[in-house]
Amino acid sequence: MSKALDELVGDVLDLEPIERDIFRGRSPRESLLRVFGGQVAGQAMVAAGRTVDDDRDVHSLHGYFLRPGDPFAPIVYEVDRARDGRSFTTRRVTAVQHGETIFTMSASFQRPESGVEHQAPMPETPGPDGLPRRDMPPVPADRPAFTTTGKALTWPLDVRYVDHAPWDDTAERPPRNRVWIRADGELPDPSTPSGRLLHVCVLTYASDLTLLEAAVFPHVRGGAGSRDVSLASLDHAVWFHRPFRADDWLLYVQESPNAGGGRGLATGRLYSADGTLVASVVQEGLIRRRQ
């Protein structure tokens with residue numbers, strides 16, 4: 001397990017219980033100048049999951065990012081037990097920092113049951129071996145990063161681009177991308193309720209990292225890595241379809257059907273290496289050109 005993943009699992013996603021249904025989380029020692037949205041969503045998912053019976057697994061979450069998070073201050077997560085039904089459980093989570101709400105999320109959990117099944121097929125895609133990693137671009141950055149240390153972050157994820165990388169300045173790029181992604185190390189077994197929740201939270205964290213890039217590629221040279229554009233997640237939804245391991249390779253197929261009004265919409269499908277559709281994601285984000 002990499003050092004960054006060890007910190008994510010052993011500290012960032014290991015929230016401190018401070019009262020019934022109230023938890024406290026912190027940001028990693030090296031962070032963006034605004035708290036990474038996937039971190040807040042992942043921590044909110046931890047808080048929600050800790051209040052649910054072990055016989056129920058999350059099947060969806062819907063979150064809204066309301067204010068930028070401060071990486072130097074703790075975040076308090078308050079859970080509202082909205083409903084405990086015979087088949088479904090609903091939780092609402094509010095993330096508070098400096099006395100203000102920065103994020104809200106609703107999550108739904110379900111007891112396992114059988115039913116009709118179908119899925120969209122995985123597109124034919126080269127495997128991850130030999131593809132460039134997000135944290136190892138071929139050309140080093142020539143300017144300090146927008147982080148708490150001024151240095152590029154070491155992410156707890158192994159991310160490899162099939163189509164376009166953040167440092168790619170090729171023109172005429174369509175609004176879509178394919179990315180292989182996994183935790184950068186082995187995670188605990190997902191056969192236990194706590195193990196399954198951890199894999200869900202790591203995937204929630206990962207789902208916010210590259211998705212909005214698909215909406216940026218057609219418009220900005222260098223994509224999301226360009227200093228000419230400012231991005232921020234506005235809302236984020238994930239549907240979990242089937243069991244998975246977040247430390248196995250997952251293909252993230254990303255498309256942007258629309259951009260306008262200073263916002264971009266992106267959709268994503270996550271497949272295991274054998275072609276099983278394990279999750280779907282939709283996100284809208286703010287996209288502004290820097291003056």
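What share of the chain's 291 residues counts as buried? It's 49%, with buried meaning under 20% relative accessible area (1.4 Å probe, protein chains only).

A word on the ground rules. This is a predicted model, where local features need pLDDT of at least 70, side-chain atom pairs count only at pLDDT 80 or more, and totals for chains, interfaces and linings use all residues. Residues are numbered from 1 along each chain as its sequence is written, and side-chain values use heavy atoms, leaving out hydrogens and water.

The chain has four helices and twelve strands, taken as DSSP runs (helices H or I, at least four residues; strands E, at least two) numbered from the N terminus. The twelve strands make an open sheet with antiparallel pairing, in the order 1-2-4-5-6-3-9-12-11-10-8-7; two strands pair if DSSP finds at least two bridges between them. Strand 1 (16-19) and strand 7 (157-161) sit at the edges, each pairing on one side only. Neighbouring strands are turned by 25° against each other on average, direction ignored. Inside the sheet, strand 3 (residues 57-65) and strand 6 (residues 100-110) share eight antiparallel bridges, and Leu61 has Ala107 of strand 6 as its bridge partner.

| Helix | Strands touched, among them | Angle |
|---|---|---|
| Helix 3 (residues 193-207) | strand 8 (176-183), strand 10 (250-260) | about 150° with strand 9 (229-240) |

Contact here means heavy atoms within 4.5 Å; axes are lines fitted to C-alpha atoms, for helices over the stretch in contact, and angles run from 0 to 180 degrees between N-to-C directions.

Technical notes. Buried < 20%, exposed > 50% of the residue type's maximum accessible area, 1.4 Å probe, protein only.
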